[in-house]
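Hi everyone, thanks for coming.

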Amino acid sequence: MKKILCGLFLSVITVSLGCEITDYPVIFDSRGPYDNNVLTGQYEQAYIIPSSTVATLWSDGSDETYTLVAQDWKGDQWLRVFNNFDPSSTLIFLDQTYCDPNRQSNCAIDTAWNPDLPSDDPFDYIYDPSCSGARSVCLLLSISSRIGECGSGILGDKQGAAFELSNLQEASFRGMSVYHLPVNNSTASFNFTDPAGLTTAAPIYGQFDLYLDQRLRTIIPVAPNARYQLRWLDNYTKAHGRVIDVGLTYGVMSADFKVKVRALDGVLDRF
């Protein structure tokens, strides 16, 4: 549910979240005599299976970003973010069963060096604006890995999550059975805290409609009012900086997380 609410946050502020991983735990082998050994050599780049997936629908197609990880014998990693772009906007999500290698591009939108050190910066990455999907709002925010794991955050409030899910209306979207998640000033709120400790309530312009299927795949049509959300966020980051502590409330649930916002010029050009 935390990933769902992260998606809600970006749908309101930058249309999607959880699309990019720039920090990830060391992967250990759990098989037989190799238990607890650092896993290497299986794949040069292994697909990180997300607990939920976000696709943003634009007039020129749909974007769904995903991350591949390569790890050496010391537990140091390279994390690379790619885009599954579909010009027909028919929402062809990645086939997670076999990692769908045919959709891997040679051009990584983001490349992050992730050494196994406690002092590693979770927001260090190299951004390639020439790659497919680099202009997507999906890549505007960078986050650390495994949000809400081990009962923390939104996942810790299982009763609240069950209550909110029970209130969602079932709907049909492009032939799929989905839940409708309305995001507006009466259902959600967002507080931004800058590095100086100043907290600002973020406005929500109109309503954003999200659709969630049974596999926790979130579909976000990019509505015209997203332009106003992006302009507000652009002005906020110019005044307060790009690293933000976000406090999110949706219904009876709440979560806090840190994000780093990228420049928004390329995305605003898509409107």
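Let me begin with T237, which, apart from neighbours within four places in sequence, is in contact with R242, I244 and V261; contact here means heavy atoms within 4.5 Å. T237 is found in helix α3, residues 226-240. Helices are DSSP runs of H or I with at least four residues, strands are runs of E with at least two, and both are numbered from the N terminus. T237 counts as buried because its relative accessibility is 4%. For that word the cut-offs are under 20% relative accessible area for buried, over 50% for exposed and partly exposed in between, with a 1.4 Å probe and protein chains only.

A word on the source: this is a predicted model, where local features need pLDDT of at least 70 and side-chain atom pairs count only at pLDDT 80 or more, while totals for chains, interfaces and linings use all residues. Residues are numbered from 1 along each chain as its sequence is written, and side-chain values use heavy atoms, with hydrogens and water left out.

Now the whole chain. We have four helices and 17 strands, and 49% of the 271 residues count as buried. Among contacts with a separation of 6 or more, 68% come from residues 24 or more positions apart.

Back to a partner of T237. What does I244 touch, not counting residues up to four places away in sequence? The list is F192, T193, L233, Y236, T237, F257, K258, V259 and V261. I244 also shows up in the largest nonpolar core, which has 33 residues, and F192 and I244 are the ones with the most contacts inside it. A nonpolar core is a set of buried Ala, Val, Leu, Ile, Met, Phe, Trp, Tyr and Cys residues joined through side-chain atoms within 4.5 Å. Elements giving two or more residues to this core include β4 (53-58), β11 (176-183), β16 (243-250) and β17 (253-261). Helix α3 gives the most, with five residues. There is also a second, separate core of seven residues, and A55, F173, Y211 and I219 are among them.

Staying in helix α3, please look at the rings. W232 and Y236 both lie in this helix, four residues apart, about one turn. They form a stacked aromatic pair, 5.4 Å centre to centre with 15 degrees between the planes. Rings of Phe, Tyr and Trp (its six-membered ring) pair if their centres lie within 6.5 Å; planes under 30 degrees apart count as stacked, over 60 as edge-to-face and the rest as tilted. W232 is buried because its relative accessible area is 17%, and Y236 is buried because its value is 4%. Ring pairs link F192 with W232 and Y236 into a cluster, and the structure holds six aromatic pairs.

F192 brings us to strand β12. Which residues of β12 are on the covered face, and which on the uncovered one? A188, F190 and F192 make up the covered face, while S189, N191 and T193 make up the uncovered one. In a regular strand the side chains alternate between the two faces of the sheet. Strand β12 runs antiparallel to β16, joined by six bridges, and T193 stands opposite D245 there. Four bridges join β12 to β13 (residues 199-202), again antiparallel; pairing asks for at least two DSSP bridges between two strands. T193 has T199 as its bridge partner in β13. These two strands, β12 and β13, form a hairpin with five residues between them, and G197 in the turn has a positive phi of about 90 degrees.

Strand β5 (residues 61-71) pairs with β6 in the antiparallel sense over 10 bridges; D63 has F85 as its bridge partner. Seven of the 10 residues of β6 (residues 77-86) are buried. On to β7 (residues 110-114), which runs antiparallel to β6 and is joined to it by five bridges, with V81 opposite D110.

My last stop is C131, in the loop between β8 (126-127) and β9 (141-142). Is C131 buried or exposed? At 5% relative accessibility, it counts as buried. Leaving out residues up to four places away in sequence, C131 touches C107, A108 and I109.
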